[in-house]
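Please look through the short briefing on the structure below. It is meant for a reader who is new to protein models.

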Amino acid sequence: MSITVYYSSVSGSRELKQRQSEILQFLDAKKIKYSALDIAGSGDLKEEMRKKVGDPSAMPPQVFNGDKYCGDYQKFSDAMEDGNPEAFFKL
């Protein structure tokens, strides 16, 4: 399985950019291979992300391990606070 992170390269929200960055930096630091899909360049990718999440208003970042939905930034943050981020990524 592989980690997929849906993100947006175009956002006026500093908070959104920071959240996306935290997830990607964690994956880089742990040398976990992932693919990052930018929904800003494709409405189809945004719709795909929202359909997979099951929420028509879902915002990035959204994380998947293969076909398994890991969660959004809040779930990642909770896992970090609990000291078990690997569980979030379903590793």
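The points that follow cover the overall fold, the sheet, the aromatic rings and some backbone details.

This is a predicted model, in which local features need pLDDT of at least 70, side-chain atom pairs count only at pLDDT 80 or more, and totals for chains, interfaces and linings use all residues. Residues are numbered from 1 along each chain as its sequence is written, and side-chain values use heavy atoms, with hydrogens and water left out. The protein chain has four helices and four strands; here helices (H or I, at least four residues) and strands (E, at least two) are DSSP runs, numbered from the N terminus.

**Overall fold**

- Along the sequence, the elements of the protein chain come in the pattern β-α-β-α-β-β-α-α.
- The radius of gyration of the protein chain is 12 Å, which agrees with the value near 12 Å for a compact globule of 91 residues. This radius is taken over C-alpha atoms, and the globule rule is 2.2 Å times the number of residues to the power 0.38.
- The C-alpha trace of the protein chain spans about 35 × 30 × 20 Å along its principal axes.
- Of the 91 residues in the protein chain, 37% are buried. Buried means under 20% relative accessible area, exposed means over 50%, and partly exposed lies in between (1.4 Å probe, protein chains only).
- Contact means heavy atoms within 4.5 Å. Among contacts between residues at least 6 apart in sequence, 60% join residues at least 24 apart.

**The sheet**

- An open sheet is formed by four strands in the order S2-S1-S3-S4, with mixed pairing. Two strands pair if DSSP finds at least two bridges between them.
- Strand S2 (34-38) and strand S4 (68-72) are the edge strands, and each pairs on one side only.
- On average, neighbouring strands of this sheet are turned by 20 degrees against each other, direction ignored. Axes are lines fitted to C-alpha atoms, for helices over the stretch in contact, and angles run from 0 to 180 degrees between N-to-C directions.
- Helix H1 (residues 14-29) packs on the sheet and touches strand S1 (3-7), S2 and S3. The direction of H1 makes about 155 degrees with that of S1.
- S1 and S3 pair in the antiparallel sense over four bridges, and Asn65 in S3 is the bridge partner of Ile3.
- Strand S3 (residues 62-65) and S4 run antiparallel and are joined by four bridges. In S4, Asp72 is the bridge partner of Gln62, and Tyr69 stands opposite Phe64.
- In a regular strand the side chains alternate between the two faces of the sheet. In S3 both faces are covered: Gln62 and Phe64 on one side, and Val63 and Asn65 on the other, are all buried.
- The hairpin of S3 and S4 has two residues between the strands, and Gly66 there takes a positive phi near 65 degrees.

**Aromatic rings**

- Rings of Phe, Tyr and Trp (its six-membered ring) pair if their centres lie within 6.5 Å; planes under 30 degrees apart count as stacked, over 60 as edge-to-face and the rest as tilted. By this rule there are eight aromatic pairs.
- One of them is the edge-to-face pair of Phe76 and Phe88, at 5.7 Å centre to centre with 65 degrees between the planes. This pair links distant parts of the chain, with Phe76 in helix H3 (residues 73-81) and Phe88 in helix H4 (residues 85-88), twelve residues apart.
- Phe88 and Phe89 also form an edge-to-face pair, at 4.9 Å centre to centre with 80 degrees between the planes. Both of these residues are buried.
- Phe26, Tyr73, Phe76, Phe88 and Phe89 form one aromatic cluster.
- Phe88 counts as buried because its relative accessible area is 6%. Among the residues that Phe88 touches, not counting those up to four places away in sequence, are Val63, Cys70 and Gly71.
- The charged end of Lys52 sits over the ring of Phe64, 4.5 Å from its centre. For this, NZ of Lys or CZ of Arg must be within 6 Å of the ring centre and within 35 degrees of the ring normal.

**Backbone details**

- The peptide bond from Pro60 to Pro61 is cis, with omega near 0 degrees. Pro61 lies in the loop between helix H2 (43-53) and S3.
- Lys31, in the loop between H1 and S2, has a positive phi near 55 degrees. Lys31 counts as exposed because its relative accessibility is 74%.
- Lys90, in the segment after H4, has a positive phi of about 55 degrees although it is not a glycine. With a relative accessible area of 40%, Lys90 is partly exposed.
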